[in-house]
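Please look at the sequence and the structure below side by side, and keep both in view while reading. The paragraphs that follow move from single pairs of residues to the place where two chains meet.

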Amino acid sequence: MQLPPFDELKYKFFDVNWDAPMNTISGLTNWGKDANHVYWITTVLCFLVFFAVAIPLIYTLIRFKDKPGDESPPAQFHGSTTLEIMWTVIPVVLLIFIAVPTWRVLFKYAHAEPNALEIEVIGHQWWWEFRYPQNGKVISAGELHVPENTPLHFKLWSNDVIHSFWVPKFGGKVDVMPTSFHKETGAPSAFNTLNISSPALVDPNKKGGERYQGQCVELCGASHALMRFNAVVHSKAEFEAWTQTVNTPPKVETRLAAEGEEVFARCQACHTIAGTPSEQIPGDKIGPNLSNFGSRKYMAGGIRLNTPENLAIWLRDPASLKPGALMPNLGLTEKEIAAVSSYLRLSTVKTY
Amino acid sequence: MAKYLPKTGIISWLTTVDHKRIGILYALAALFFLVVGGVDAILMRTQLIVPNNTFITGEIFNGLVTMHGTTMIFLVVMPLSAAFFNFLVPLMIGAPDVAFPRLNALSYWVFLFGALLLNTSYLVQQIPAMGWFAYANLTEKQFNPTHSVDFWVLGIQVVGLASLIAAINFFVTILNMRCKGMTLLKMPLFIWATLVTQVLLILALPVITIALVMISFDRNYGTGFFNPGLGGQVIMWQHLFWIFGHPEVYILILPAMGIVSEILATSARKPLFGYSVMVYSTCAIGFLGFAVWAHHMFTTGLGAWAQALFSAATMLIAVPTGVKIFNWISTLWGGKIRFNTASMFAISFVAMFTLGGLSGIMHSSPVIDTQHQDTYFVVAHFHYVLYGGAVMGLFGGIFYWFPKVTGRMLNEMLGKTQFWLYMVGFNLTFFPMHFLGLEGMPRRIFTYAPDMNWNFWNFCATIGAYITAVGGLLFFFNFCISLKWGKKAPADPWDGRTLEWSISSPPPEYNFAHPPEVTQLDDFWYQKYTHDGKRLPLAPERPFDPKSIHLPDQSFWPILLAAGITTIASGFVVSDHGVFISLCGLAITVGSAFGWAYEAP
Amino acid sequence: MSEQAHGHHQSTNIENRKFAMWVLIGSECFLFGTLIANYLINKGRSLSGPSPQEVYKINVTTLSTFDLLMSSVAMVLALHYCKEKSLRKFQFWTAMVVVGGLIFLGFQYHEFSTFVNVDGLGLSTNIFASSFYLLTGCHGAHVTVGVLWMSSILVTSLIKGEKWFNSEVIEVAGLYWHFVDVVWIIIFTFVYLFVYI
């Protein structure tokens, strides 16, 4: 347990940090900016109504407090039709100011833009899978990569229970629903969609992209709180390069890594690395795709930094980091853990 | 047999059919479960006091989330409201009892046994952990193989049956048992709120009943209503649940609105402002409550048209709600407001409910809702409505009617201290949750990373929860000592306006010595005062023989029947011999039903 | 199943038990409404057979529908003779209601067992089957309750004879029986007939 954050108390009392990683009202995408707009209109109106209630209430309480010793009842009056009509009509008018901008946004994003980049988002207990069907067999897990300033068309479904896909600074939360799959093609019979454009890079020269925090927001089981991910915005060129190299097979250069490659043979029933024999094993794998694992900043569903120490903790006992995780404790020796860690992390051919 | 049952002692309580005693039983059960739900909340807030805390595991946290919501809604606010219905409805409409006294006893025992069945899940450590709205398909056997979900499903099923029985009873009571002269628009507003609540229960409960049966079938008989792999749809559960669930929100808040209306009018010593408009707005809220369920589902991919229509309907509900708030303020306006614990709770209801209502208006826009759905902003919103609203209103009601129920006053000094602890604790817990929501903290997460800017406000919220807990302890202390040593209450301690204040505190078993007759709204007030405020002399007591009033006899059958029904349900939460247990329950149920039918009422 | 506080007038002039039955019927409308909606949504969503067209036997179901309608007629006559205080006729028509209900349940048993044994349509075979059994099973349970209720009325009448002409109870039971009947007409229309449209 850490100490309570007394130091924050000093300077933060009435301060909401708009730059917080998951702030909901500083959206950066086209959708996010429109939502901010509706949010502020509504908030201002709500504050007006709040004062319209609070001031008369407080005034009434002070002015009409009973005086000690005065036992006679006040005048018994029953109502006023004019007032009733007034406070029926005025709220209706105010609500129109919220409704109209809301509906405009709703219909504006109902359809995908032409030439949008299609991304399939698949929820699993408790990690995220992202597929790029327009870019061949590019698959990522735990990290959503997008090019900057590009219209996106997400198709979302779940492999088990309901999850909810949300990058607060992108906006447009949408539930990821379980579905049935077509017998021959394996395509989902139903899925949700989301149409937004990715934000621009804040620093256009940033290598490795700019990261935004995302998280599952629908209770989905024991480790619901541990189902996080990063959305990484790249320059268009960098994204293009990433799609080209992400499926490059690992370059095994050390003896340790070669041993790791052998250990990984035990993992390939559940995990795939592009360009290795694991790709030959048919069927949908239940574990995340580990191609290009070494480039990922976070691991285990975005809850830990991708370091050898964390990977070792995970491999010793996945449930210690993520209760209920489907990956069993494989009983690897420390040597095997070091080997497979070297194979997964260090043999990756990196793009950036 | 029933004629020889004792009039005092434990057996008399187990066999009672007196609406006042049943009301007291409801209140005691609700206050007990308030402690249970409160402990859940304290444990959760303790886990969230600092980031990456390891006080409890995710699995248990999810259980606490689920049980806190379920307990507070189904086992605290609903039965506490039912306690007020039971005790007050016959008194306020001038009736000797409810329409069906034995059914009334049945609904209490069914409720209590259902609640105990649900809470047995703690004892066998199979705590339901799928959230209080139990979204499919997390409730399927594949994802929840233990009996945890069964406990929840059967518990809610049984408790729901109790509510349905009570609802039919009160609906008939209110419409059929009014005293002479009490036409519909002369009923106290609390009675109107009760009536609309019963309509909502009668129409909404069957929907959840079917949905719960569907989960049971999926889990026990291999059907696939909520299993996409077998052709089912998970979204179906959400529709069915919220078609029940949104009216349920008004089932929770309308009784408190009725209570607050009574307390404010009495405390200001003035009639309720715009009485008929208050009646119409109560009906409008009830009616519109059935047309807005999908606003809980704005992120499920409804499509733009459905989102637009449901958002419009949701915004419309704000209108009758706003009308109520302004009418309450106008009720106080021009009055001579007496500040006591009851009126302070009632006034805080108006203030807190307004805040909750405003964040509700924000959510009526699917665009804003999409950003705040499933974040702490929503948690803040519904706690302002249901805690700052419903619970504060109900506490006002407890302080207001405690003298009528027990014949003793609650201690005002302790009461006011509790009020301020509640106000400070409540706002310190839940106002920061708006900020947490705006900064994107998802609800129902058992832990969070330290770098999300959520640390400070979570710390505040937990401290607020502890302060509230102190207030709660103070209430139970006050409750116990006042029951024993409290100031003796006169018949009419608050200078009340409704009929229950016209009889002694506590009321005699037969309620009214002579059936009352009313000529106007607030009739009792005008028996005490002329229209220009002059005190009238008390009417002379008329002679009366208590033996001339026939009261319904006590009966064992309600509690036996309730035990039978609960036994049927408990066959579904055991792994072995379930069918045998259920069949035994069925035998008890049918047997008791026949015993009941052939017992002279 | 019901009683009332004595010595009190009724503001609406409707007897309490009858009023309560009307309210219960209102609630039941939502119950069956949910079940029928669920059936209509799910009947075409099965991933495998058999389909409704393959299993329904409209002639048999028409017969059982006719039987249930006739039992409603018997109910009307039972109430009529109860009010006329004609004991034997009252008992005969009450027995006819019970018999009508039992015949209907027999038809339902026959239908279900044919579906399961001949057509291979078990409760969990497909989502159409699940929704169908849930809906018609729930209705069958209501008929069973009605049969039990009417039987106990018949037994009471046989034991107590002339002393027991409680037309208020018969009226309430009749309301319930007619409602269950009307629901079946709706089910027959939406479930069985609509297949052929």
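**Pairs, a helix and an interface**

B:D150 and B:R219 are both buried, a word used here for residues with under 20% relative accessible area, while exposed stands for over 50% and partly exposed for what lies in between (1.4 Å probe, protein chains only). This is a predicted model, in which local features need pLDDT of at least 70 and side-chain atom pairs count only at pLDDT 80 or more, whereas totals for chains, interfaces and linings use all residues. Residues are numbered from 1 along each chain as its sequence is written, chains are lettered from A and ligands numbered from 1 in the order in which they are written, and side-chain values use heavy atoms, with hydrogens and water left out.

What joins B:D150 to B:R219? The two form a salt bridge, their closest N and O atoms being 2.8 Å apart, where a salt bridge is a side-chain nitrogen of Lys or Arg within 4 Å of a carboxyl oxygen of Asp or Glu. This pair links distant parts of the chain, since B:D150 belongs to helix α5 (residues 148–176) of chain B and B:R219 to helix α6 (residues 189–221) of chain B, 69 residues apart. Helices (H or I, at least four residues) and strands (E, at least two) are DSSP runs, numbered from the N terminus. Side chains of opposite charge can pair when their charged atoms come close. Over all chains, the count by this rule comes to 23 salt bridges. Elsewhere in chain B, salt bridges link B:R269, B:D492, B:D495 and B:K528 in a network.

In chain A, a salt bridge brings together the side chains of A:E118 and A:K155 (3.1 Å, N to O). A:E118 lies in strand β1 (residues 117–124) of chain A and A:K155 in strand β5 (residues 151–158) of chain A, so the pair ties together parts that are 37 residues apart in sequence. With a relative accessibility of 19%, A:E118 counts as buried.

Which of its residues are buried? They are A:A257, A:G260, A:V263 and A:F264, and because they cover an arc of only 105 degrees around the axis, they lie on the same side of α5(A); the arc is that of the directions from the helix axis to the C-beta atoms. The buried residues of α5(A) pack against α8 (334–346) of chain A, while the face turned away from the buried side carries the exposed residues A:R255 and A:E262. A:R255, at a relative accessible area of 68%, forms a salt bridge with A:E259, with 3.8 Å between the closest N and O atoms. These two residues are four residues apart in helix α5 of chain A, so about one helical turn separates them.

Finally, consider where the chains meet: 98 residues of chain B are in contact with 93 residues of chain A, contact meaning heavy atoms within 4.5 Å. Between them the two chains bury about 8,400 Å², 70% of it on carbon and sulfur atoms; buried area is the accessible area (1.4 Å probe) that two parts lose on being put together, summed over both. Across this interface of chain B and chain A the rule finds two salt bridges, and the side chains of B:K336 and A:D70 meet in a salt bridge (2.8 Å, N to O). Helix α9 (residues 304–332) of chain B gives the most to the side of chain B that touches chain A, with 16 residues.
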